[in-house]
Amino acid sequence: MSAVIPIQRDAADKGCADAPVLRERGQREVFCGLTGIIWMHRKIQDAFFLVVGSRTCAHLIQSAAGVMIFAEPRFGTAIIDERDLAGIADANEELDRVVRQLLSRRPDIKMLFLVGSCPSEVIKLDLSRAAARLSREYLNQVRILNYSGSGIETTFTQGEDACLASLVPELPPSESDAPSLMVVGCLPDVVEDQFARLFTAMGLEGVQFFPPRSSRSLPSVGKNTRFLLAQPFLGETARALTERGATHLVAPFPFGVEGTTEWLRTAAHSAGIPAERFAQATQVSRERAQRALERHRERLQGKRIFFFPDSQLEIPLARFLSRELGMHLTEVGTPYLHREHLKHELALLPSNTVLSEGQDVEKQLDRCRAQAPDLVVCGLGLANPLEAEGLTTKWAIELVFSPVHGYEQSADLAELFARPLLRREKLSTRTSQEAVCS
Ligand code: SF4
């Protein structure tokens with residue numbers, strides 16, 4: 001049996017733990033928090049997300065969801081129109097009417113999220129009061145909650161944080177004193193099942209996942225609960241769980257072989273699982289993932305990458321690309337830097353990494369052009385112009401939509417970065433062949 005290789009680092013090397021951060025507060029280019037509905041509606045299967053917003057909001061989630069709008073939808077928009085904006089119609093009465101229509105047509109809905117938007121904030125529609133009012137009406141039938149996905153307040157991954165934080169007060173109190181583990185953050189079912197199998201193999205029984213697949217199986221929480229974040233953007237949810245008495249196990253995030261191993265090891269360690277048992281339980285998956293990464297390392301090694309702030313996954317992904325695939329980090333931008341949640345990740349970054357928080361997009365574009373990286377990770381709005389300038393880009397949003405956590409997905413995650421470089425190579429080869437022919 002091979003031992004689990006501990007993190008390779010000089011004890012005196014603190015990586016970027018104390019590194020200075022360039023803080024910018026200018027114009028930014030990101031999607032709003034409504035975007036999270038696209039992956040969350042697939043997770044909680046008896047929930048419905050009702051955006052209280054404009055036609056723009058409706059178009060955003062419909063176009064982001066693509067063909068999903070033709071399936072039985074688990075999201076929709078209550079349109080705020082000119083009459084609501086002008087104060088002619090009573091927006092609360094309109095909203096109550098839409099909710100009644102929806103719930104009478106869809107008795108399968110057991111949890112309803114009223115999702116705030118820029119327009120609902122502009123007209124100061126109090127969705128928490130609306131949720132409380134409607135909850136009284138639908139007591140014992142439908143749980144009605146609210147959160148904001150407004151672009152005024154959120155980046156696109158904060159929608160999930162706001163949604164899960166709104167759900168924490170609904171979690172039943174834990175009735176047992178026995179320690180229990182909760183994994184927090186939306187994971188595709190297939191990834192959740194892989195982690196559940198690994199926890200069982202280690203001897204960790206009864207691990208709960210939040211959010212659950214059904215609103216009727218909400219995990220319990222209490223002083224005995226320890227939780228691991230599966231996503232780095234869940235600051236509010238972590239705070240709400242801590243207020244319910246739970247303990248946060250801070251760990252590297254489960255991206256790549258190293259991150260997944262350290263994340264699982266943190267869980268095993270907190271439960272007193274012997275190191276041998278942990279090594280045995282993870283060995284096959286770990287070694288298979290290491291082998292699968294090799295072919296991508298050949299393509300990515302030595303390539304220079306620049307991250308614009310977008311998904312809040314940037315720092316863990318930069319750690320994975322730098323340490324497991326040999327990429328060189330030119331700048332790693334993140335919308336928000338939660339130092340406590342990311343302390344292990346920061347310590348694993350090369351100490352000379354340029355870190356930035358927030359955005360002043362024109363200044364950052366200048367820095368990016370000056371660096372001329374091989375690959376730029378950015379939002380959709382920046383990708384096309386940068387491609388036109390000859391830079392190779394990767395859409396950050398794809399990293400949130402795709403299954404990327406855990407051992408089995410490590411090579412897929414690497415491939416997401418390798419593919420644009422391959423595409424660019426093929427394009428250059430074709431262009432030079434055409435030049436020779438002409
Ligand atoms: Fe646009 Fe705001 Fe609606 Fe998002 S919430 S789609 S930023 S109007």
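Here are some friendly questions and answers about this predicted model.

Q: Why does Glu192 count as buried?
A: Buried means under 20% relative accessible area. Glu192 has 9% relative accessibility, so Glu192 counts as buried.

Q: Where is Glu192, and what is Glu192 in contact with?
A: Glu192 sits in helix H8. Leaving aside neighbours within four places in sequence, its contacts are Lys43, Leu187, Phe209 and Arg213.

Q: How do you know what span to expect for helix H8?
A: Helix H8 runs over residues 189-202, which makes 14 residues. The expected span is 1.5 Å times one less than the number of residues, and for H8 that is given as 20 Å. From its first C-alpha to its last, H8 reaches 20 Å, close to what is expected.

Q: Which residues of H8 are buried, and what makes them line one face of the helix?
A: The buried residues are Val191, Glu192, Gln194, Phe195, Leu198, Phe199 and Met202. Seen down the axis of H8, they fall within an arc of 160°, so they line one face.

Q: What covers the buried residues of H8?
A: The cover includes helix H1 (37-43), strand E6 (180-184), strand E7 (208-210), helix H10 (256-270) and helix H11 (275-300).

Q: Why is helix H7 called largely enclosed by the rest of the structure?
A: In H7 (residues 158-167), 9 of the 10 residues are buried, so the helix is largely enclosed. Among these buried residues are Glu160, Asp161, Cys163 and Leu164. The buried residues of H7 pack against H1, strand E2 (47-53), strand E4 (111-116), strand E5 (143-148), E7 and helix H9 (235-243).

Q: Which residues touch the most other members of the largest nonpolar core?
A: That core has 100 residues, and Phe49, Phe113, Phe199 and Phe417 touch the most other members. Apart from it lies another core, of 21 residues, among them Phe48, Val52, Leu112 and Ile144.

Q: What does Phe417 touch?
A: Not counting residues up to four places away in sequence, Phe417 touches Leu300, Ile305, Phe307, Leu317, Leu321, Leu375, Val377, Lys394 and Leu399.

Q: Which residues surround the ligand, and how do they divide by class?
A: Cys32, Leu34, Cys57, Ser117, Cys118, Pro119 and Gly151 surround the ligand. By class, this shell has 5 nonpolar, 2 polar and no charged residues.

Definitions and conventions:
Residues are numbered from 1 along each chain as its sequence is written. This is a predicted model: local features need pLDDT of at least 70, side-chain atom pairs count only at pLDDT 80 or more; totals for chains, interfaces and linings use all residues. Side-chain values use heavy atoms; hydrogens and water are left out. A residue is near a molecule or strand if one of its heavy atoms lies within 4 Å of it. Ala, Val, Leu, Ile, Met, Phe, Trp, Tyr, Cys and Pro count as nonpolar, Asp, Glu, Lys and Arg as charged, and the others, Gly among them, as polar. A nonpolar core is a set of buried Ala, Val, Leu, Ile, Met, Phe, Trp, Tyr and Cys residues joined through side-chain atoms within 4.5 Å. Buried means under 20% relative accessible area, exposed over 50%, partly exposed in between (1.4 Å probe, protein chains only). Contact means heavy atoms within 4.5 Å. Helices (H or I, at least four residues) and strands (E, at least two) are DSSP runs, numbered from the N terminus. The arc is that of the directions from the helix axis to the C-beta atoms.
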